[in-house]
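Visitor: Please walk me through this model. I would like the domain, the helices and the strands in turn.

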Amino acid sequence: MSEVGGMKISVLASGSTGNCTYIETAQHKILVDAGLSGKKLAGLMASIGKDIGEVDSLFVTHEHSDHRKSVGILARRYDLNVYANQGTWDAMAPKIGAVPTEKKNLFAPDITLSMGDIDVESFSVSHDAAEPQFYAFHSGGKSFVILTDTGYVSEHVEGTIRNADAYLMECNHDVEMLRMGSYSWPLKQRILSDTGHLSNEDGADVLMDVLGNNTKRIFLGHRSQENNMKSLAHLTVSSIMADHDFGVNHDFQILDTEPEKASELMTL
Ligand SMILES: [Zn+2]
Ligand SMILES: [Zn+2]
């Protein structure tokens with residue numbers, strides 16, 4: 001079978017402890033975020049049979065450490081083109097060390113960047129970082145949307161991300177587990193706020209608004225190790241969808257992600 005135009009994806013790591021996703025087309029090898037050590041990311045890449053040294057571009061969503069931990073190291077060691085908006089560059093600059101000027105790329109929110117066989121679309125999210133933005137990737141008629149680290153999803157964003165072939169969607173916490181858990185009240189309030197994180201229910205609600213006939217794969221991402229469980233996130237999303245008759249005329253998979261184990265490399 002021909003794989004021309006196929007976009008391959010693997011969620012290398014997802015969760016409050018570190019995030020990184022790999023995307024490959026015929027012309028590009030891309031990472032989105034680098035929230036684990038360079039060594040761990042190289043190992044995760046090796047686990048899907050890929051060499052991190054071959055990655056050409058890194059898109060950064062925001063300056064929180066679980067997204068930018070090894071941005072500087074990867075840029076210097078592997079000669080990557082790094083893309084982020086101005087607010088994120090400014091906020092992460094003191095933490096990532098020098099990035100060669102010619103490798104620093106400014107990628108403003110709400111624009112589409114065409115790079116050969118892939119288009120990358122940026123969109124702003126509502127999160128307590130300087131200028132957080134996530135990305136939709138379009139290649140060969142397929143699209144993949146990454147949306148985590150947002151307390152709220154606007155209609156504008158929903159319009160941008162509608163009917164993608166695959167999603168990595170935030171299901172950060174179970175609201176009851178968070179409320180009953182050990183976090184301080186200010187931290188609980190931060191997570192629950194409109195600039196915090198999407199709960200399992202919130203993630204399901206967004207998915208029901210945006211998924212369409214093209215949607216085949218839904219990765220549940222950015223799961224809190226403290227305030228959620230893999231089985232609970234999966235059950236919550238699948239049962240909310242079933243309650244609303246999603247799944248009846250849709251043939252999609254709901255896939256779990258892991259904090260330090262790559263998902264199988266799949267072609268969209
Ligand atoms: Zn995060
Ligand atoms: Zn964040």
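The questions below go from the annotated domain to the helix pair and then to the strands.

Visitor: Which residues does UniProt assign to the Metallo-beta-lactamase domain, and how far apart are the end C-alpha atoms of that span?
Guide: This is a predicted model. An unreviewed UniProt entry places the domain at residues 17–197. The span is 30% helix and 27% strand. Its end C-alpha atoms are separated by 14 Å.

Visitor: Is the crossing of α8 and α9 left-handed or right-handed?
Guide: Two packed helices are described by the angle between their axes and the distance between the axes. The crossing of α8 past α9 is right-handed.

Visitor: What residue classes make up the contact of α8 with α9?
Guide: From α8 come Asn200, Glu201, Gly203, Ala204 and Met208. They meet Leu232, Ala233, Thr236, Val237, Ile240 and Met241 of α9. By class, the contact counts 1 charged, 3 polar and 7 nonpolar residues.

Visitor: In β6, which residue is the bridge partner of Tyr83?
Guide: Strand β5 (residues 81–84) runs parallel to β4 (residues 57–59), with 3 bridges. There, Leu58 faces Val82 of β5. β5 also pairs in parallel with β6 (residues 104–106), again over 3 bridges. In that pairing, the partner of Tyr83 is Asn105.

Visitor: Which are the edge strands of the open sheet of 7 strands?
Guide: The order is β7-β8-β9-β10-β11-β12-β13, with mixed pairing. Neighbouring strands are turned by 20° on average, direction ignored. An edge strand here pairs on one side only; these are β7 (112–115) and β13 (253–256).

Visitor: Which residue in β11 stands opposite Val145?
Guide: β10 (residues 142–147) and β11 (residues 166–170) run parallel. They are joined by 4 bridges. Opposite Val145 stands Tyr167.

Visitor: Which strands does α9 touch, and what angle does its direction make with that of β13?
Guide: α8 lies across β11 and β12 (217–221), at about 150° to β11. α9 packs on the sheet too, touching β12 and β13. The direction of α9 and that of β13 make an angle of about 160°.

Terms used
Residues numbered from 1 in each chain as written. Chains lettered and ligands numbered in written order. Predicted model: local features only at pLDDT ≥ 70, side-chain atom pairs only at ≥ 80, totals over all residues. UniProt positions renumbered as here; feature names shortened; annotations may be inferred. Helix = DSSP H or I, 4+ residues; strand = E, 2+ residues; numbered from the N terminus. Left-handed = near helix turned anticlockwise from the far one by under 90°. Contact = placed C-beta atoms within 7 Å. Nonpolar A, V, L, I, M, F, W, Y, C, P; charged D, E, K, R; others polar. Pairing = 2+ DSSP bridges. Axes fitted to C-alpha atoms, helices over the stretch in contact; angles between N-to-C directions.
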